[in-house]
Amino acid sequence: MKQFVALTLAAGLLVLAGCKKDTTGSVPMGEKKQPVAGVSWSVPKRWVPGGERPMRIATYAIPAAEGDAEGAECAVFYFGEGAGGDVTANIDRWVGQFEPTSGPDRGTKEVNGMQVTTVRIGGAYLNPSGPMMQSMGKKPGYRLLGAIVAGPQGSVFFKMTGPEKTVLAARAEFDALVDSLKARAEK
């Protein structure tokens, strides 16, 4: 009997050892965006596509986190092959749209063969708008998550801005969007 209990216990432990808990925090993803500059991506299901806006390839509305009065938005830009400035100039411009509480947190990684530069900024957002990008009034407690993708036909820029709680709550979704990037030659 002791041998049977020991074997049953050992078998149970082997089964449990083979079961792996999903700790990646998978994000439900929706539609796959048609390639822009040879880059496609999937959009988190919770994000709502917005209407057309000047200079943007896409705009997504992210619902507000509990306690925030407004949601965030993720804007996607492509200015053409060789256009839009280099990575450093764009990050510097994004930093200039804030009164940051500290320096920007920059990183780089490779996603499906493409170089991606990421940035995180927090502080008072100067809410730039219009052709001269003048401030429309400070918004304290804001964050920006950005990714600049070196696509086959030029850089594609992803910029999410909004209240800190909302942006931090949507960070896994932003990361999932970036991780979904794929290079595909356009015909």
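**Exercise 1. Locate Glu-66 and decide whether the residue is buried or exposed.**

Step 1. Glu-66 sits in the loop between S4 and S5. Strands are DSSP runs (E, at least two residues) and helices are DSSP runs (H or I, at least four residues), both numbered from the N terminus. The model is predicted, so local features need pLDDT of at least 70, side-chain atom pairs count only at pLDDT 80 or more, and totals for chains, interfaces and linings use all residues. Residues are numbered from 1 along each chain as its sequence is written, and side-chain values use heavy atoms, with hydrogens and water left out.

Step 2. Apply the cut-offs: buried is under 20% relative accessible area, exposed is over 50%, and partly exposed is in between (1.4 Å probe, protein chains only). Glu-66 has a relative accessible area of 75%, so the residue is exposed.

Step 3. Look for a contact in space. Glu-66 and Lys-165 are 99 residues apart in sequence, while their C-alpha atoms are 8.2 Å apart.

**Exercise 2. Describe how S4 pairs with S3 and with S5.**

Step 1. Two strands pair if DSSP finds at least two bridges between them. Strand S3 (residues 48-49) and strand S4 (residues 56-62) are joined by two bridges and run antiparallel.

Step 2. Inspect the turn. The hairpin of S3 and S4 has six residues between the strands, and Met-55 there takes a positive phi near 70°.

Step 3. Move to the other partner. S4 and strand S5 (residues 72-77) run antiparallel and are joined by six bridges. Here Ala-58 has Val-76 in S5 as its bridge partner.

**Exercise 3. State how many aromatic pairs a search of the whole structure finds, and work through two of them.**

Step 1. Set the rule. Rings of Phe, Tyr and Trp (its six-membered ring) pair if their centres lie within 6.5 Å; planes under 30 degrees apart count as stacked, over 60 as edge-to-face and the rest as tilted.

Step 2. The search of the whole structure gives six aromatic pairs. One of them is Phe-77 with Phe-79, stacked at 6.0 Å centre to centre and 15° between the planes. Phe-77 counts as buried at 12% relative accessibility, whereas Phe-79 is partly exposed at 34% relative accessible area.

Step 3. Tyr-125 and Tyr-142 are also stacked, with 5.6 Å centre to centre and 5° between the planes. Because Tyr-125 lies in strand S8 (residues 114-125) and Tyr-142 in strand S11 (residues 139-151), the pair ties together parts 17 residues apart in sequence. Both Tyr-125 and Tyr-142 are buried.

Step 4. Ring pairs also link Phe-77, Phe-79 and Phe-157 into a cluster.

**Exercise 4. Count the salt bridges and examine three of them.**

Step 1. A salt bridge is a side-chain nitrogen of Lys or Arg within 4 Å of a carboxyl oxygen of Asp or Glu. This rule gives eight salt bridges.

Step 2. Glu-173 and Arg-46 form a salt bridge with N to O at 2.7 Å. Glu-173 is in helix H4 and Arg-46 in the loop between S2 and S3, 127 residues apart, so the pair links distant parts of the chain. Glu-173 is buried, with a relative accessible area of 10%, while Arg-46 counts as partly exposed at 38%.

Step 3. In the salt bridge of Glu-73 with Arg-56, the closest N and O atoms are 3.0 Å apart. Glu-73 is in strand S5 and Arg-56 in strand S4, 17 residues apart.

Step 4. Asp-105 and Arg-120 form a salt bridge whose closest N and O atoms are 2.2 Å apart. This pair joins strand S7, which holds Asp-105, to strand S8, which holds Arg-120, over 15 residues of sequence. Asp-105 is partly exposed at 36% relative accessible area, and Arg-120 counts as partly exposed at 27%.
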